[in-house]
Amino acid sequence: MRLFATLVVLGFRRWSTYRLATAAGAFTNTVFGLIKASIMVGAIGAAGGELAGYDARTGATYAWLVQALVATVNVFNWSELALRVRDGDIAIDLARPVDPQLAYLAGFVGRAIHQLIPRGGPPLLAGALVTGLALPSTPLPYLLGAVSVVLGVCVSFGVWWLVNLSAFWLVELRGVLTLNVVAMAILSGLAIPVHWFPDWLATLAALTPYPSILQTPVDIVTARVEGTAALGELAVQVAWLAGVLLLGRLVFARGARKLVVQGG
Amino acid sequence: MAECWRPYRVLLGSRMRAQTAYRRSFVSDVLGSVAIGVMEFAEVYIVFANVDVLGELDFAAAALVFALANLGFSLADLLVGHVDTLPVYLREGTLDAFLLRPLPVLAQLVTSDVSLRRLGRIGVAVVVLAVALPLNDIEWTAARVALLVLTPLTAAAIFAGLFVCAAAVQFWLVEGAEVTSAFTYGGSYASAYPASIFSLPMRLLFTFVVPAAFAAYLPVLVLLDLPGPAGTPQWLGWCTPLAAVAVWAVALLGWRAGLRHYTGTGS
């Protein structure tokens, strides 16, 4: 546990070094939030002021919240493991007396903690100024929401870990990584809330861990789902987390058995 | 004349051969690019699964806006999208190699790569365009045909210009490179939707500062003979080439200033 905490802190410090890059990312998140909120409010207006339970204000809040969390849950890129498999550095990880999956998860969580405020604050601030935010006034949704965000971050890691493991079998990974980004960007609710999906796509999304990464945390923080329903959603997240992490361990073990690293 | 283009031809030819040498990697890259195009269109599709009209445009018209904007952007991305790797050259000091060669740095950088995988996304845009065009009720005149043909090219020029503007700013930003994504990729995102959904200040920003609305929305207003929203009347649709020229003027001036600002880190 102490080791895990240390690795989380190191993951945090690794990212907190680059302040300008963080500010630049926050700015871009905010501009995309503006565009996304406009699209959502426009669509809600066209639907007569209410669409799948979102009115203009809650719809805009949705757009700002996903933009605030997108860096934390890391939708766009994580290929650290794949690169280490490709250049053979993975041998060093295997020689360490630390479980590789746990160690990388710690780094991923450290990164997430760092990104939460500096990347999440500016879009929310802009949202409060431009469209106003519809946020609950009781503490419970935030408490459950915090748990849900942590679970979302870990599920995202589990999915990225699995995708990265294909490096044991493939040399060029850009196509596979891109496919994962695309699937995550749509099915996590980043582009459009999952509740707007036509039935067939909503079913498809429910069969993947992606909605657990963004849609669920945002639903819980905004108190769209409350009480026992919220606990049910958390349980779904926990189930997906256990699933992807376990599968990740199995695949990693197989890959590591097959791996040949040229020594020198 | 042909002689002075030879180095660029050789450079580009080598890049194309390199990218297609590994067939399976190339195919998976192209599929990834197709998926990006499909994802972007899925967004528009999902919105219209819920509503009939967005920003006074129906699905067919919005698909036309999407297709033209995406075609323009992915063409620009194919040809010059890789200039956003400039910060890497700056950090590693490898830009100095470009400075030593007797060719303009920007031309070298542009021809240093061509991302053939982006043909996938271009393909998606072409398919959407081919389907959306007959679904729209367009009164064809010679001028409108010319505008339709010209639009993807000028849109590509606009986005390519934005990429170069973004690259120029990197000389100062280096670490903060992502700021410019708000205008290049953000511009592309904004251009794929009817600009009429934006608030007036945002619409003016994405029309006259980052001319994303010129890439597709304004020309589509002309094609469908629709009045534009406040601040962006229909006739602006004819001014798309002017917008491209303006972006490139800023881009080239900015690039010159940026390159002069650059000091190598030494070896």
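Predicted model: local features only at pLDDT ≥ 70, side-chain atom pairs only at ≥ 80, totals over all residues.

Let me begin with a question: is E56(B) buried, exposed or partly exposed? With 16 C-beta neighbours inside 10 Å, E56(B) counts as partly exposed, where buried stands for 20 or more other C-beta atoms within 10 Å of a residue's own, exposed for 12 or fewer, and partly exposed for what lies in between, with C-beta atoms placed from the backbone.

Residues are numbered from 1 along each chain as its sequence is written, and chains are lettered from A and ligands numbered from 1 in the order in which they are written.

E56(B) sits in the loop between β1 and β2 (57–58) of chain B, and its phi is positive, about 65 degrees, although E56(B) is not a glycine. Most residues other than glycine have a negative phi. Helices here are DSSP runs of H or I with at least four residues, and strands are runs of E with at least two, numbered from the N terminus.

Turning to the interface, 33 residues of chain B are in contact with 33 residues of chain A, contact meaning that the C-beta atoms, placed from the backbone, lie within 7 Å. On the side of chain B that touches chain A, α2 (23–50), β1 (53–54) and α9 (181–191) each supply at least two residues, and the largest share, 14 residues, comes from α2(B).

Within chain A, helix α4 (residues 80–87) has L81(A), A82(A) and V85(A) buried. They lie on the same side of α4(A) because they cover an arc of only 100 degrees around the axis, the arc being that of the directions from the helix axis to the C-beta atoms. What covers these buried residues includes α5 (90–95), α6 (100–130) and α7 (139–165) of chain A. After α4(A) comes G88(A), with a positive phi near 90 degrees.

Technical notes. Contact = placed C-beta atoms within 7 Å.
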